[in-house]
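These are my notebook entries on one structure.

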Amino acid sequence: MPEADGADEALNRVNTHSKPSDLRITDMRVAEIVGAPFTSVLLKIYTNQGIVGLGEVRDGASATYALMLKSRLLGENPCNIDRLFRRIKQFGGHGRQGGGVSAIEIALWDLAGKAYGVPVYQMLGGRFREKVRVYCDTDAAVPSGTETGKRLKQRMEFGFTFLKMDLGLMQIADVPGAVVFPAGSLEGYRDPPNRGPLKTIEERRVRNAAYDLHNVQHPFTGLHFSDKGLDLLEQYIAEVREVIGMDVPLAIDHIGHISMQNGIRLARRIEKYVPAWLEDVIPWQYTEQYRQLQDATTVPICTGEDIYLKEGFEPLLKSGGVSVIHPDLLTSGGILETKKIGDMAQDRGVAMAIHMAESPIAAMAAAHVATATENFMALEYHSADVDWWDDIVTGLPKPLVQNGFITVPDKPGLGIDDVVDEVISQHLQPGVAAIWQPTDHWDDEYSWDRTWS
(Lines give C-alpha, C1' and ligand atoms only; values in the text may rest on other atoms or scores of the structure.)
Protein backbone atom coordinates (compact mmCIF):
# COMPACT_ATOMS: atom_id res chain seq x y z
CA MET A 1 0.00 0.00 0.00
CA PRO A 2 1.51 3.37 -0.96
CA GLU A 3 2.56 5.64 1.89
CA ALA A 4 0.06 8.41 2.61
CA ASP A 5 1.18 11.93 1.92
CA GLY A 6 1.08 14.63 4.65
CA ALA A 7 -2.50 15.67 3.94
CA ASP A 8 -3.77 12.10 4.08
CA GLU A 9 -1.88 11.50 7.32
CA ALA A 10 -3.53 14.53 8.86
CA LEU A 11 -6.97 13.34 7.80
CA ASN A 12 -6.26 9.90 9.23
CA ARG A 13 -5.83 11.53 12.65
CA VAL A 14 -9.21 13.29 12.45
CA ASN A 15 -12.25 11.70 14.12
CA THR A 16 -14.76 12.50 11.40
CA HIS A 17 -17.60 10.08 12.33
CA SER A 18 -18.31 10.22 8.58
CA LYS A 19 -17.19 13.55 7.15
CA PRO A 20 -17.29 16.98 8.81
CA SER A 21 -18.35 18.39 5.45
CA ASP A 22 -21.49 16.22 5.62
CA LEU A 23 -22.42 17.23 9.18
CA ARG A 24 -25.90 18.75 9.45
CA ILE A 25 -27.97 20.23 12.29
CA THR A 26 -31.13 18.22 12.88
CA ASP A 27 -32.59 19.41 16.19
CA MET A 28 -32.25 21.76 19.17
CA ARG A 29 -33.53 21.18 22.72
CA VAL A 30 -33.15 22.74 26.16
CA ALA A 31 -33.10 21.97 29.88
CA GLU A 32 -34.10 24.82 32.18
CA ILE A 33 -32.53 24.59 35.63
CA VAL A 34 -32.11 26.67 38.77
CA GLY A 35 -29.53 26.84 41.55
CA ALA A 36 -26.24 26.46 39.70
CA PRO A 37 -26.07 29.13 41.17
CA PHE A 38 -28.92 31.01 39.44
CA THR A 39 -31.44 30.14 36.72
CA SER A 40 -29.95 29.04 33.42
CA VAL A 41 -30.83 27.13 30.26
CA LEU A 42 -28.66 24.28 28.99
CA LEU A 43 -28.76 23.76 25.23
CA LYS A 44 -28.16 20.77 22.96
CA ILE A 45 -27.76 20.96 19.18
CA TYR A 46 -28.14 17.55 17.51
CA THR A 47 -26.69 16.40 14.18
CA ASN A 48 -27.15 13.70 11.59
CA GLN A 49 -23.91 12.02 12.69
CA GLY A 50 -24.83 11.59 16.33
CA ILE A 51 -22.56 14.36 17.56
CA VAL A 52 -24.23 16.69 20.05
CA GLY A 53 -23.05 20.24 20.77
CA LEU A 54 -23.51 21.79 24.21
CA GLY A 55 -24.27 25.45 24.88
CA GLU A 56 -25.88 27.56 27.58
CA VAL A 57 -28.18 30.58 27.66
CA ARG A 58 -27.13 33.41 30.00
CA ASP A 59 -28.19 33.19 33.64
CA GLY A 60 -31.60 34.76 34.15
CA ALA A 61 -32.51 34.68 30.45
CA SER A 62 -35.33 32.88 28.63
CA ALA A 63 -34.88 29.72 26.56
CA THR A 64 -36.92 31.48 23.88
CA TYR A 65 -33.92 33.59 22.91
CA ALA A 66 -32.27 30.41 21.60
CA LEU A 67 -35.27 28.38 20.42
CA MET A 68 -36.55 31.17 18.17
CA LEU A 69 -33.39 30.69 16.08
CA LYS A 70 -33.78 26.95 15.55
CA SER A 71 -35.49 27.17 12.14
CA ARG A 72 -32.64 29.33 10.84
CA LEU A 73 -30.09 26.61 11.63
CA LEU A 74 -31.74 23.30 10.73
CA GLY A 75 -30.00 21.57 7.84
CA GLU A 76 -26.85 23.68 8.14
CA ASN A 77 -23.29 22.46 8.72
CA PRO A 78 -22.41 23.55 12.28
CA CYS A 79 -18.73 23.76 11.38
CA ASN A 80 -19.48 26.96 9.45
CA ILE A 81 -19.53 28.82 12.74
CA ASP A 82 -18.81 32.35 11.61
CA ARG A 83 -21.29 32.24 8.72
CA LEU A 84 -24.09 30.96 10.95
CA PHE A 85 -23.20 33.48 13.67
CA ARG A 86 -23.47 36.33 11.18
CA ARG A 87 -26.86 35.00 10.12
CA ILE A 88 -28.32 35.04 13.63
CA LYS A 89 -26.41 37.78 15.46
CA GLN A 90 -29.02 40.42 14.59
CA PHE A 91 -31.38 38.57 16.93
CA GLY A 92 -29.15 39.11 19.95
CA GLY A 93 -28.85 42.16 22.14
CA HIS A 94 -27.26 43.54 25.26
CA GLY A 95 -27.73 41.86 28.63
CA ARG A 96 -29.75 38.66 28.67
CA GLN A 97 -30.95 39.30 25.13
CA GLY A 98 -27.56 38.10 23.88
CA GLY A 99 -28.13 34.73 25.52
CA GLY A 100 -29.67 32.83 22.62
CA VAL A 101 -27.16 33.78 19.94
CA SER A 102 -24.28 33.20 22.34
CA ALA A 103 -25.54 29.79 23.48
CA ILE A 104 -25.82 28.60 19.90
CA GLU A 105 -22.39 29.94 18.95
CA ILE A 106 -20.81 28.01 21.84
CA ALA A 107 -22.62 24.80 20.85
CA LEU A 108 -21.38 25.21 17.25
CA TRP A 109 -17.77 25.42 18.46
CA ASP A 110 -18.33 22.30 20.56
CA LEU A 111 -19.67 20.48 17.49
CA ALA A 112 -16.82 21.62 15.25
CA GLY A 113 -14.22 20.55 17.78
CA LYS A 114 -15.84 17.15 18.16
CA ALA A 115 -16.14 16.72 14.39
CA TYR A 116 -12.46 17.45 13.79
CA GLY A 117 -11.16 15.93 17.02
CA VAL A 118 -9.52 19.07 18.45
CA PRO A 119 -10.18 21.26 21.51
CA VAL A 120 -11.79 24.65 20.98
CA TYR A 121 -8.76 26.58 22.24
CA GLN A 122 -6.64 25.00 19.51
CA MET A 123 -9.02 26.31 16.84
CA LEU A 124 -8.64 29.78 18.39
CA GLY A 125 -4.88 29.72 17.89
CA GLY A 126 -3.61 27.66 20.81
CA ARG A 127 -2.69 28.29 24.43
CA PHE A 128 -1.19 31.27 26.20
CA ARG A 129 -1.40 29.44 29.54
CA GLU A 130 -1.76 25.89 30.83
CA LYS A 131 -4.19 26.77 33.64
CA VAL A 132 -6.96 29.38 33.87
CA ARG A 133 -7.03 31.44 37.06
CA VAL A 134 -10.46 31.58 38.69
CA TYR A 135 -11.68 34.33 40.98
CA CYS A 136 -14.12 33.27 43.67
CA ASP A 137 -17.14 35.56 43.83
CA THR A 138 -18.50 35.54 47.37
CA ASP A 139 -21.78 37.19 48.32
CA ALA A 140 -22.02 38.85 51.72
CA ALA A 141 -24.10 36.58 53.97
CA VAL A 142 -24.27 39.21 56.72
CA PRO A 143 -23.52 42.97 56.70
CA SER A 144 -20.16 42.57 58.43
CA GLY A 145 -16.76 43.09 56.89
CA THR A 146 -15.15 40.80 59.45
CA GLU A 147 -17.57 37.95 58.71
CA THR A 148 -17.21 38.45 54.95
CA GLY A 149 -13.44 38.46 55.44
CA LYS A 150 -13.68 35.10 57.19
CA ARG A 151 -15.65 33.65 54.25
CA LEU A 152 -13.06 34.99 51.83
CA LYS A 153 -10.26 33.59 53.96
CA GLN A 154 -11.89 30.18 53.64
CA ARG A 155 -11.80 30.60 49.87
CA MET A 156 -8.08 31.28 50.10
CA GLU A 157 -7.60 28.12 52.16
CA PHE A 158 -9.19 26.21 49.26
CA GLY A 159 -6.50 27.61 46.97
CA PHE A 160 -8.20 30.64 45.42
CA THR A 161 -5.69 33.38 44.62
CA PHE A 162 -8.16 36.02 43.40
CA LEU A 163 -11.33 37.13 45.21
CA LYS A 164 -14.41 39.29 44.71
CA MET A 165 -16.99 40.62 47.13
CA ASP A 166 -19.97 42.95 47.26
CA LEU A 167 -19.58 46.47 48.63
CA GLY A 168 -22.29 49.05 48.27
CA LEU A 169 -25.91 49.89 48.81
CA MET A 170 -27.07 46.57 50.25
CA GLN A 171 -24.37 46.56 52.94
CA ILE A 172 -25.70 49.82 54.44
CA ALA A 173 -29.34 50.05 53.28
CA ASP A 174 -30.69 49.18 56.73
CA VAL A 175 -28.55 51.71 58.62
CA PRO A 176 -30.42 54.96 59.38
CA GLY A 177 -28.71 57.94 57.82
CA ALA A 178 -26.36 55.91 55.61
CA VAL A 179 -28.28 56.46 52.35
CA VAL A 180 -30.05 59.54 51.09
CA PHE A 181 -33.12 58.50 49.06
CA PRO A 182 -36.57 59.65 47.94
CA ALA A 183 -39.16 58.49 50.45
CA GLY A 184 -40.26 54.91 49.87
CA SER A 185 -37.82 54.17 47.05
CA LEU A 186 -35.07 52.26 48.86
CA GLU A 187 -37.20 49.31 49.97
CA GLY A 188 -37.88 48.17 46.42
CA TYR A 189 -34.19 47.53 45.68
CA ARG A 190 -33.91 44.84 48.35
CA ASP A 191 -35.82 42.23 46.34
CA PRO A 192 -35.48 41.73 42.57
CA PRO A 193 -38.52 40.66 40.51
CA ASN A 194 -39.35 36.99 41.06
CA ARG A 195 -39.82 34.54 38.19
CA GLY A 196 -41.96 31.51 37.50
CA PRO A 197 -45.72 30.98 37.16
CA LEU A 198 -48.08 33.54 38.70
CA LYS A 199 -51.67 32.89 39.72
CA THR A 200 -53.33 36.30 39.78
CA ILE A 201 -53.35 39.62 37.95
CA GLU A 202 -52.30 41.31 41.19
CA GLU A 203 -49.19 39.11 41.42
CA ARG A 204 -48.30 40.13 37.88
CA ARG A 205 -48.85 43.79 38.69
CA VAL A 206 -46.50 43.55 41.70
CA ARG A 207 -43.83 41.79 39.64
CA ASN A 208 -44.12 44.34 36.84
CA ALA A 209 -43.73 47.19 39.34
CA ALA A 210 -40.57 45.60 40.74
CA TYR A 211 -39.29 45.05 37.21
CA ASP A 212 -39.82 48.72 36.37
CA LEU A 213 -38.03 49.91 39.52
CA HIS A 214 -34.97 47.79 38.84
CA ASN A 215 -34.83 49.19 35.31
CA VAL A 216 -34.41 52.79 36.47
CA GLN A 217 -30.83 53.66 35.49
CA HIS A 218 -28.44 54.93 38.13
CA PRO A 219 -28.45 58.69 37.33
CA PHE A 220 -32.22 58.82 37.82
CA THR A 221 -32.75 56.96 41.11
CA GLY A 222 -31.96 59.82 43.50
CA LEU A 223 -29.93 57.47 45.73
CA HIS A 224 -26.77 58.85 47.38
CA PHE A 225 -24.29 57.64 49.96
CA SER A 226 -24.07 59.93 52.96
CA ASP A 227 -20.70 60.52 54.65
CA LYS A 228 -21.88 58.09 57.31
CA GLY A 229 -22.59 55.53 54.62
CA LEU A 230 -19.16 55.99 53.07
CA ASP A 231 -17.55 55.67 56.51
CA LEU A 232 -19.32 52.34 56.95
CA LEU A 233 -18.31 51.06 53.51
CA GLU A 234 -14.70 52.04 54.12
CA GLN A 235 -14.81 50.31 57.48
CA TYR A 236 -16.30 47.22 55.79
CA ILE A 237 -13.46 46.78 53.31
CA ALA A 238 -10.90 47.64 56.00
CA GLU A 239 -12.27 44.79 58.12
CA VAL A 240 -12.11 42.43 55.15
CA ARG A 241 -8.49 43.35 54.44
CA GLU A 242 -7.66 42.92 58.12
CA VAL A 243 -8.74 39.28 57.82
CA ILE A 244 -7.44 38.34 54.35
CA GLY A 245 -4.37 40.60 54.21
CA MET A 246 -3.10 42.73 51.37
CA ASP A 247 -1.42 40.04 49.29
CA VAL A 248 -4.50 38.75 47.45
CA PRO A 249 -6.38 40.67 44.72
CA LEU A 250 -9.88 41.70 45.83
CA ALA A 251 -12.39 42.95 43.27
CA ILE A 252 -15.54 44.91 44.22
CA ASP A 253 -19.03 44.42 42.76
CA HIS A 254 -22.69 45.35 43.36
CA ILE A 255 -22.20 48.97 44.31
CA GLY A 256 -25.90 49.67 43.76
CA HIS A 257 -27.97 52.05 41.67
CA ILE A 258 -25.98 55.15 42.58
CA SER A 259 -24.64 57.96 40.42
CA MET A 260 -21.24 58.40 38.86
CA GLN A 261 -20.44 61.10 41.44
CA ASN A 262 -21.16 58.68 44.29
CA GLY A 263 -18.99 56.11 42.54
CA ILE A 264 -16.13 58.59 42.56
CA ARG A 265 -16.63 59.30 46.27
CA LEU A 266 -16.59 55.58 47.09
CA ALA A 267 -13.61 54.84 44.85
CA ARG A 268 -11.50 57.54 46.48
CA ARG A 269 -12.38 56.26 49.95
CA ILE A 270 -11.21 52.71 49.24
CA GLU A 271 -8.12 53.38 47.10
CA LYS A 272 -5.84 52.55 50.04
CA TYR A 273 -7.22 49.01 50.14
CA VAL A 274 -6.10 48.42 46.54
CA PRO A 275 -9.19 46.89 44.92
CA ALA A 276 -8.44 44.80 41.84
CA TRP A 277 -11.30 46.68 40.21
CA LEU A 278 -14.58 48.46 40.88
CA GLU A 279 -17.28 46.82 38.76
CA ASP A 280 -20.42 48.15 37.04
CA VAL A 281 -20.56 51.38 39.02
CA ILE A 282 -22.97 52.83 36.44
CA PRO A 283 -24.65 51.45 33.30
CA TRP A 284 -22.07 50.62 30.65
CA GLN A 285 -23.81 52.82 28.07
CA TYR A 286 -22.59 56.04 29.74
CA THR A 287 -19.21 56.15 28.04
CA GLU A 288 -18.34 59.74 29.00
CA GLN A 289 -19.28 59.15 32.63
CA TYR A 290 -17.03 56.09 32.69
CA ARG A 291 -14.17 58.23 31.42
CA GLN A 292 -14.81 60.79 34.17
CA LEU A 293 -14.99 58.02 36.76
CA GLN A 294 -11.71 56.41 35.73
CA ASP A 295 -9.97 59.78 35.48
CA ALA A 296 -11.04 60.59 39.06
CA THR A 297 -9.56 57.52 40.79
CA THR A 298 -6.58 55.18 40.82
CA VAL A 299 -8.92 52.19 41.32
CA PRO A 300 -9.20 50.20 38.07
CA ILE A 301 -12.72 50.59 36.66
CA CYS A 302 -14.38 47.52 35.16
CA THR A 303 -17.56 46.78 33.20
CA GLY A 304 -18.79 44.68 30.29
CA GLU A 305 -20.88 41.68 31.37
CA ASP A 306 -23.97 43.13 29.67
CA ILE A 307 -22.36 44.27 26.41
CA TYR A 308 -23.19 42.44 23.17
CA LEU A 309 -20.59 42.14 20.36
CA LYS A 310 -17.17 43.70 20.09
CA GLU A 311 -18.54 46.92 18.58
CA GLY A 312 -20.41 47.40 21.86
CA PHE A 313 -17.07 47.52 23.68
CA GLU A 314 -15.36 49.90 21.25
CA PRO A 315 -16.63 53.25 22.62
CA LEU A 316 -15.58 52.41 26.18
CA LEU A 317 -12.15 51.25 25.09
CA LYS A 318 -11.59 54.31 22.91
CA SER A 319 -12.69 56.64 25.71
CA GLY A 320 -10.20 55.30 28.24
CA GLY A 321 -13.06 54.78 30.67
CA VAL A 322 -12.10 51.26 31.74
CA SER A 323 -8.95 49.51 32.90
CA VAL A 324 -10.53 46.04 32.88
CA ILE A 325 -13.22 44.72 30.55
CA HIS A 326 -15.48 41.98 31.83
CA PRO A 327 -17.46 40.25 29.07
CA ASP A 328 -19.76 37.31 29.71
CA LEU A 329 -19.51 34.84 26.81
CA LEU A 330 -23.24 34.19 27.10
CA THR A 331 -24.00 37.84 26.33
CA SER A 332 -21.01 39.03 24.30
CA GLY A 333 -21.69 36.75 21.33
CA GLY A 334 -19.90 33.59 22.36
CA ILE A 335 -16.42 32.20 22.01
CA LEU A 336 -14.90 33.85 18.93
CA GLU A 337 -16.47 37.24 19.63
CA THR A 338 -15.03 37.29 23.15
CA LYS A 339 -11.60 36.35 21.83
CA LYS A 340 -11.86 39.33 19.45
CA ILE A 341 -12.98 41.59 22.31
CA GLY A 342 -9.97 40.56 24.39
CA ASP A 343 -7.56 41.20 21.52
CA MET A 344 -9.13 44.61 20.87
CA ALA A 345 -8.76 45.52 24.56
CA GLN A 346 -5.13 44.41 24.58
CA ASP A 347 -4.36 46.86 21.78
CA ARG A 348 -5.36 49.63 24.22
CA GLY A 349 -3.56 48.23 27.24
CA VAL A 350 -6.74 46.98 28.91
CA ALA A 351 -6.92 43.62 30.70
CA MET A 352 -9.78 41.15 30.29
CA ALA A 353 -11.52 39.31 33.11
CA ILE A 354 -14.48 37.08 32.20
CA HIS A 355 -17.86 37.05 33.92
CA MET A 356 -19.45 33.61 34.42
CA ALA A 357 -22.30 32.60 36.74
CA GLU A 358 -23.68 29.43 35.20
CA SER A 359 -22.96 25.71 34.79
CA PRO A 360 -19.73 23.90 33.81
CA ILE A 361 -20.78 24.29 30.16
CA ALA A 362 -20.41 28.07 30.34
CA ALA A 363 -17.33 27.66 32.52
CA MET A 364 -15.57 25.50 29.94
CA ALA A 365 -16.49 27.79 27.05
CA ALA A 366 -15.02 30.71 28.99
CA ALA A 367 -11.95 28.70 29.98
CA HIS A 368 -11.15 27.90 26.34
CA VAL A 369 -11.27 31.62 25.51
CA ALA A 370 -9.20 32.47 28.59
CA THR A 371 -6.45 30.01 27.76
CA ALA A 372 -6.28 31.36 24.18
CA THR A 373 -6.32 35.12 24.96
CA GLU A 374 -3.10 36.83 26.05
CA ASN A 375 -4.46 39.69 28.18
CA PHE A 376 -6.76 37.45 30.23
CA MET A 377 -6.67 38.08 34.00
CA ALA A 378 -9.22 35.90 35.82
CA LEU A 379 -12.47 33.97 35.27
CA GLU A 380 -15.45 34.33 37.60
CA TYR A 381 -16.63 31.34 39.62
CA HIS A 382 -19.87 31.80 41.54
CA SER A 383 -20.67 28.18 42.47
CA ALA A 384 -18.19 27.33 45.20
CA ASP A 385 -21.12 26.58 47.52
CA VAL A 386 -23.14 24.51 45.00
CA ASP A 387 -22.32 20.92 45.94
CA TRP A 388 -23.86 19.42 42.76
CA TRP A 389 -22.27 21.84 40.28
CA ASP A 390 -19.51 19.45 39.17
CA ASP A 391 -22.05 16.65 38.77
CA ILE A 392 -23.95 18.46 35.99
CA VAL A 393 -21.57 17.08 33.35
CA THR A 394 -19.29 14.12 32.73
CA GLY A 395 -15.83 13.93 31.22
CA LEU A 396 -14.19 16.74 33.21
CA PRO A 397 -11.93 16.55 36.28
CA LYS A 398 -13.76 16.63 39.62
CA PRO A 399 -13.67 19.15 41.03
CA LEU A 400 -13.29 21.19 37.87
CA VAL A 401 -11.86 24.12 39.85
CA GLN A 402 -8.78 22.89 41.72
CA ASN A 403 -6.65 25.18 43.88
CA GLY A 404 -8.21 28.19 42.22
CA PHE A 405 -7.56 27.11 38.63
CA ILE A 406 -9.23 25.25 35.76
CA THR A 407 -7.01 23.04 33.62
CA VAL A 408 -8.46 22.94 30.11
CA PRO A 409 -8.28 19.38 28.76
CA ASP A 410 -7.03 18.39 25.31
CA LYS A 411 -10.32 16.64 24.55
CA PRO A 412 -12.32 17.63 21.45
CA GLY A 413 -14.69 20.57 21.57
CA LEU A 414 -15.37 21.97 25.02
CA GLY A 415 -14.04 18.76 26.56
CA ILE A 416 -17.38 17.71 28.09
CA ASP A 417 -18.69 14.20 27.38
CA ASP A 418 -22.34 14.75 28.29
CA VAL A 419 -24.86 16.32 30.65
CA VAL A 420 -26.14 14.18 33.54
CA ASP A 421 -29.92 14.11 33.14
CA GLU A 422 -30.56 12.66 36.60
CA VAL A 423 -28.80 15.60 38.24
CA ILE A 424 -30.35 18.43 36.28
CA SER A 425 -33.82 16.86 36.52
CA GLN A 426 -33.64 17.47 40.27
CA HIS A 427 -33.15 21.21 39.75
CA LEU A 428 -35.77 22.32 37.23
CA GLN A 429 -36.96 25.90 37.10
CA PRO A 430 -40.46 26.47 38.57
CA GLY A 431 -43.14 25.57 36.05
CA VAL A 432 -40.81 23.39 33.93
CA ALA A 433 -42.03 19.78 33.66
CA ALA A 434 -39.10 17.97 32.02
CA ILE A 435 -35.79 18.30 30.15
CA TRP A 436 -34.90 17.95 26.46
CA GLN A 437 -38.53 18.10 25.37
CA PRO A 438 -39.34 18.20 21.62
CA THR A 439 -39.19 21.69 20.11
CA ASP A 440 -40.82 20.87 16.78
CA HIS A 441 -43.11 23.90 17.04
CA TRP A 442 -40.03 26.06 16.38
CA ASP A 443 -38.99 24.13 13.23
CA ASP A 444 -40.94 26.25 10.75
CA GLU A 445 -40.71 29.66 12.41
CA TYR A 446 -40.06 32.08 9.55
CA SER A 447 -39.80 35.75 8.78
CA TRP A 448 -38.04 37.84 6.14
CA ASP A 449 -35.15 38.92 8.34
CA ARG A 450 -33.10 41.17 6.08
CA THR A 451 -32.51 44.51 7.75
CA TRP A 452 -31.95 46.53 4.56
CA SER A 453 -33.67 47.13 1.21
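**Entry 1. Helix 15**

I began with the buried residues of helix 15: Pro360, Ile361, Ala362, Ala363, Met364, Ala365, Ala366, Ala367, His368, Val369, Ala370 and Thr371. The model is predicted, so I kept its limits in mind: local features need pLDDT of at least 70, side-chain atom pairs count only at pLDDT 80 or more, and totals for chains, interfaces and linings use all residues. Residues are numbered from 1 along each chain as its sequence is written, and side-chain values use heavy atoms, with hydrogens and water left out.

Buried here means under 20% relative accessible area, exposed over 50%, and partly exposed in between (1.4 Å probe, protein chains only). Helices (H or I, at least four residues) and strands (E, at least two) are DSSP runs, numbered from the N terminus.

Twelve of the twelve residues of helix 15 are buried, so the helix is largely enclosed by the rest of the structure. I then checked its span. Helix 15 covers residues 360-371 and reaches 16 Å from first to last C-alpha, close to the 16 Å expected at 1.5 Å a residue. The expected span is 1.5 Å times one less than the number of residues.

What does Ser359 do at the start of helix 15? A side-chain oxygen of Ser359 comes to within 3.1 Å of the backbone nitrogen of Ile361. For polar contacts I used N or O atoms within 3.5 Å; within protein, one must be able to donate a hydrogen and the other to accept it, and residues adjacent in sequence count only if both atoms are side-chain atoms.

**Entry 2. Salt bridges**

I counted these next. The structure holds 36 salt bridges, each a side-chain nitrogen of Lys or Arg within 4 Å of a carboxyl oxygen of Asp or Glu.

I looked up one in helix 4 (residues 99-116), where Lys114 and Asp110 sit four residues apart, about one turn. Their side chains meet at 3.0 Å, N to O. Both Lys114 and Asp110 are buried.

Another is in helix 11 (residues 287-295), where Arg291 and Glu288 are three residues apart, about one turn. Their bridge is 2.5 Å, N to O. Arg291 is partly exposed at 28% relative accessible area. Glu288 is partly exposed too, at 41%. I noted the background: an α-helix has 3.6 residues a turn, so residues three or four places apart point the same way.

Asp391 bridges to Lys398, with the closest N and O atoms 3.0 Å apart. Asp391 is partly exposed at 30%, whereas Lys398 is exposed at 52%. Elsewhere, salt bridges that share partners join Arg58, Asp59, Arg96, Glu305, Asp306, Asp328 and Glu358 into one network.

**Entry 3. Rings**

I found five aromatic pairs. Rings of Phe, Tyr and Trp (its six-membered ring) pair if their centres lie within 6.5 Å; planes under 30 degrees apart count as stacked, over 60 as edge-to-face and the rest as tilted.

Tyr135 and Trp277 are edge-to-face, at 5.5 Å centre to centre and 80 degrees between the planes. This pair links distant parts of the chain: Tyr135 is in strand 4 (residues 131-138), and Trp277 is in the loop between helix 10 (260-270) and strand 9 (278-279), 142 residues away. Tyr135 is buried at 0% relative accessibility.

Phe162 and Trp277 are tilted, at 5.5 Å and 35 degrees. Phe162 lies in the loop between helix 6 (145-157) and strand 5 (163-166), so its pairing with Trp277 ties together parts 115 residues apart in sequence. Both Phe162 and Trp277 are buried. Ring pairs link Tyr135, Phe162 and Trp277 into a cluster.

I also checked charges over rings (NZ of Lys or CZ of Arg within 6 Å of the ring centre and within 35 degrees of the ring normal). Lys44 lies over the face of Trp436, 4.6 Å from the ring centre. Arg450 lies over the face of Trp452 at 4.4 Å.

Where is Thr297? I found Thr297 in the loop between helix 11 and strand 10 (301-303). Thr297 is buried, at 8%. Its side chain makes a 2.8 Å polar contact with the side chain of Glu271, and also reaches the backbone nitrogen of Val299 at 3.0 Å.

Asp449 is in the segment after helix 16 (421-424). Its side chain joins that of Arg72 in a polar contact of 2.7 Å. Not counting residues up to four places away in sequence, Asp449 touches Arg72, Gln90 and Phe91, contact meaning heavy atoms within 4.5 Å.
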